[in-house]
Amino acid sequence: MPALKITAYTLTSALGVGREATLDALRARRGGLRPNDFDPRGPNTWIGRVDGVEDAPLTGAFAPYDCRNNRLAEIGLAADAFIDHCRRARERHGAGNIGVFMGTSTSGVEQTELAYLAREDAQAPLPDWFDYAHTGDLFSLAAYVRDRLGLNGPTQTLSTACSSSAKAFATAWRHIEAGLCTAAVVGGVDSLCRMTLHGFAALQLVSERPCRPADPTRDRISIGEAAAFALLESADGAGIHLLGYGESNDAYHMSSPDPTGAGAALAMRSALHRAGLEAADVDFIHLHGTATPANDTAEDRAVSEVFGNAVPCASTKGWTGHTLGAAGAANALIGALCIEHGLIPGSLNTASVDPAFASDVRIAGSETPLRRVVSNAFGFGGSNASLVLGYPA
């Protein structure tokens, strides 16, 4: 199938709301991480929090969807005139011909947490205001985006941990290729909640400092939140396209990556093959780069196996934190932003690159023309997804 044109995109994270805020922060090397002020009970860590979510309740017809995750989705949808782009696409294709494919790891589970905290005692029922279907359920994210944009095509939420929203791009590709829809809104939203903060702390995976991808002293991750959306269409003309995707599974461990990086390498090779490209055709690799010792080492082995040391690569987790189910879409669309503006952002908070690494990890940012970017997203369970974005040959 020909590449899919990205006719509109937007992203919101701790760096700010919309593409311009994100680009300004990347160019200024201004990160969005701060000490945890989301939950006073801890953990002692740094987070990437989006300001203003608490002050933006959903009202009117969308009030049943009101929860932190859907508020963050609304803030993201409202940026960069994305809703207007989707309205015009609806006029071109028809509402029933535009699919909605969203990735998330926990969706609105924070609303469930609040409902349990509101009980008078452990035996008390959940409060009447708790609406699981519209807020706590994983599908509530895709349902909200579909209803907010007035669409009626195939609609799915994908939840494969931190690869979720990269897989949303691949799922949309397959639906369009199969003729089930002619365009798709893809993306991911994952918001801060107590389950992920304390869950990752229990796994000893959150750092007490801002995360430091690829640094020899890296220890753990910084959790963030984000909303990222793109409109994919089968359309001719200039512009950034989704050129290919690749997926694989390590079949190795529930929470640890295959240390050889074989599964990640397979996903990247598959993405290049689908795009009809060679490794030498790629100008920048936007790493998953979580800043854990095991993940970064495995990704370095995979990248160096596929690309050698000739392609610049970097992680932006030091700016945004790890946005979990939204990370795949956020990574991909930061990659699109880098292509659009000719930017390699480098890796924030990284003082030096692990001397054991073989790939060309960049710390400093640089301005240079980019035609194609590979964006990685790897999740628990060995779930791997790689996307190739850029200009068609």
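In which sense do E7 and strand E9 (residues 226–233) pair, and over how many bridges? The pairing is antiparallel and extends over 8 bridges. The legends below describe close-up views of a predicted model.

**View 1. Strand E7 and its two partner strands.** Strands of a sheet pair through backbone hydrogen bonds, either parallel or antiparallel. E7 takes part in both kinds of pairing: E7 and strand E5 (residues 98–103) run parallel and are joined by 6 bridges, while E7 and E9 are antiparallel.

**View 2. Burial along strand E7.** Ala-183, Val-185, Gly-187 and Val-189 point one way from E7. Ala-184, Val-186, Gly-188 and Asp-190 point the other way, and the residues of both sets are buried.

**View 3. The open sheet E3-E4-E8.** This sheet has 3 strands in the order E3-E4-E8, and its pairing is mixed. Strand E3 (33–35) and strand E8 (223–224) are the edge strands, each pairing on one side only. E3 and strand E4 (residues 46–48) run antiparallel and are joined by 3 bridges. Within this pairing, Leu-33 is opposite Gly-48 of E4.

View 4. The loop between E3 and E4 contains Pro-43. The peptide bond that joins Gly-42 and Pro-43 is cis, with omega about 5°.

**View 5. Packing of helices H2 and H6.** Two packed helices are described by the angle between their axes and the distance between the axes. For helix H2 (residues 68–78) and helix H6 (residues 139–149), the angle is about 40° and the axes are 10 Å apart. H2 is therefore oblique to H6. The crossing of H2 and H6 is right-handed. H2 contributes Asn-69, Asn-70, Ala-73, Glu-74 and Leu-77 to the contact. From H6 come Ser-140, Leu-141, Tyr-144, Val-145, Arg-148 and Leu-149. By class, the contact of H2 with H6 comprises 6 nonpolar, 3 polar and 2 charged residues.

**View 6. Buried residues of helix H4.** Helix H4 spans residues 109–117, and its buried residues include Val-109, Glu-110, Gln-111, Thr-112, Glu-113 and Ala-115. Among the elements that cover the buried residues of H4 are H2, helix H5 (132–136) and helix H8 (194–202).

**View 7. Packing of helices H9 and H10.** Helix H9 (residues 262–275) packs with helix H10 (residues 293–307) at an angle of about 40°, and the axes are 8 Å apart. H9 and H10 are therefore oblique to each other, and their crossing is right-handed. On the H9 side, Ala-264, Ala-265, Met-268, Arg-269 and Leu-272 take part. They meet Ala-302, Val-303, Glu-305, Val-306 and Phe-307 of H10. The contact of H9 with H10 has 8 nonpolar and 2 charged residues, and no polar residues.

View 8. Arg-274 belongs to helix H9. Is Arg-274 buried, exposed or partly exposed? Its relative accessibility is 36%, so Arg-274 counts as partly exposed. Leaving aside residues up to four places away in sequence, Arg-274 touches Trp-173, Leu-243, Gly-244, Tyr-245 and Gly-246. Trp-46 is 228 residues from Arg-274 in sequence, and the C-alpha to C-alpha separation of Arg-274 and Trp-46 is 38 Å.

**View 9. Two loop residues with positive phi.** Most residues other than glycine have a negative phi, and most peptide bonds are trans. Ala-161 has a positive phi, near 60°, and is located in the loop between strand E6 (155–158) and helix H7 (164–177). Phi of Gln-204 is also positive and near 60°. Gln-204 is located in the loop between H8 and E8. With a relative accessible area of 57%, Gln-204 is exposed.

Terms used. Residues are numbered from 1 along each chain as its sequence is written. This is a predicted model: local features need pLDDT of at least 70, side-chain atom pairs count only at pLDDT 80 or more; totals for chains, interfaces and linings use all residues. Side-chain values use heavy atoms; hydrogens and water are left out. Axes are lines fitted to C-alpha atoms, for helices over the stretch in contact, and angles run from 0 to 180 degrees between N-to-C directions. Helices (H or I, at least four residues) and strands (E, at least two) are DSSP runs, numbered from the N terminus. Angles under 35 degrees count as roughly parallel, over 145 as roughly antiparallel, 65 to 115 as roughly perpendicular and the rest as oblique. A crossing is left-handed if the near helix is turned anticlockwise from the far one by less than a right angle, and right-handed if clockwise. Contact means heavy atoms within 4.5 Å. Ala, Val, Leu, Ile, Met, Phe, Trp, Tyr, Cys and Pro count as nonpolar, Asp, Glu, Lys and Arg as charged, and the others, Gly among them, as polar. Buried means under 20% relative accessible area, exposed over 50%, partly exposed in between (1.4 Å probe, protein chains only). Two strands pair if DSSP finds at least two bridges between them.
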